[in-house]
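Subject: Structure handover

Hi there,

Here is the structure I promised to pass on. My notes on what turned up in it follow below.

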Amino acid sequence: MSDVQNQCEEKMNKTISSLKDEYNTIRTGRASASLFDKLRVDYYGEKTPLSQVATVSIPEARMIVIQPWDKNLISEIEKAILKGDMGLNPSNDGKVIRIAIPPLTADRRKELVKQAKTMAENSRVSIRNIRRDGNDSLKKLQKDGELTEDELKSEEDSLQKATDKFISEIDKIFAEKEKEIMD
């Protein structure tokens, strides 16, 4: 396997990881701490990730409890959750914030599946762009005399196989997410 192939596969792996990270932020009917991965709280003038200022726990399937390490942050965390446009209503008792995860409506589920599908398609496009760039690099190597015609063909074929493998992985990840949303 050539350097070009290794670089392309590394980039393709990053694309898959990125898709999984994006999918973690899509709310399903179940409580999940990963919903708040991208949430930033105003902590003494700094936008700080929620995980760095509070403990997020899931005591029940449809309940999230957020316990800030500094009690003064409760209102800031609530503001950040409301601004996050996740359709969640936090309530606090002065010590912790509780969030009940409402069941998703059929329309909202369809909307989330559409959003997940768009993310998957963007990832497929990224994979194909990586393949195109890889093929361009291989053709340049052949033009510079570093690869023979047969080696070029062989490298392009293995790059295509890698592309197909990653595209089918994206399809599988999307199918799992779709099932999770619709359950």
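**What I found**

N135 sits in helix α3 (helices are DSSP runs of H or I with at least four residues, numbered from the N terminus). Please keep in mind that this is a predicted model, where local features need pLDDT of at least 70, side-chain atom pairs count only at pLDDT 80 or more, and totals for chains, interfaces and linings use all residues. Residues are numbered from 1 along each chain as its sequence is written, and side-chain values use heavy atoms, with hydrogens and water left out.

Back to N135: it counts as buried because its relative accessibility is 16% (buried means under 20% relative accessible area, exposed over 50%, partly exposed in between, with a 1.4 Å probe and protein chains only). Neighbours within four places in sequence aside, N135 is in contact with E156 and L159 (contact means heavy atoms within 4.5 Å). C8 is 127 residues away from N135 along the chain, yet their C-alpha atoms are 9.7 Å apart.

Helix α3 itself covers residues 106-143, and its 38 residues reach 55 Å from first C-alpha to last, close to the expected 56 Å (1.5 Å times one less than the number of residues). Just after α3, G145 has a positive phi of about 85 degrees.

Which residues have the most contacts inside the largest nonpolar core? They are Y23 and I26, in a core of 25 residues (a set of buried Ala, Val, Leu, Ile, Met, Phe, Trp, Tyr and Cys residues joined through side-chain atoms within 4.5 Å). α1, α3 and α4 each give two or more residues to this core. A second, separate core has 20 residues, including A31, L39, V53 and I64. Not counting residues up to four places away in sequence, Y23 touches A116, K117, M119, A120, I173, F174 and K177.

Y23 also turns up in the second largest pocket, where K20, Y23, N24, K177 and E180 lie nearest the centre among 14 lining residues (on a 1 Å grid over the protein atoms alone, a pocket is an open set of points where a 1.4 Å probe fits, with protein on both sides within 12 Å along at least five of seven lines; lining residues have an atom within 4 Å of a point). α4 provides the largest share of that lining, four residues.

Happy to talk any of this through.

Best wishes
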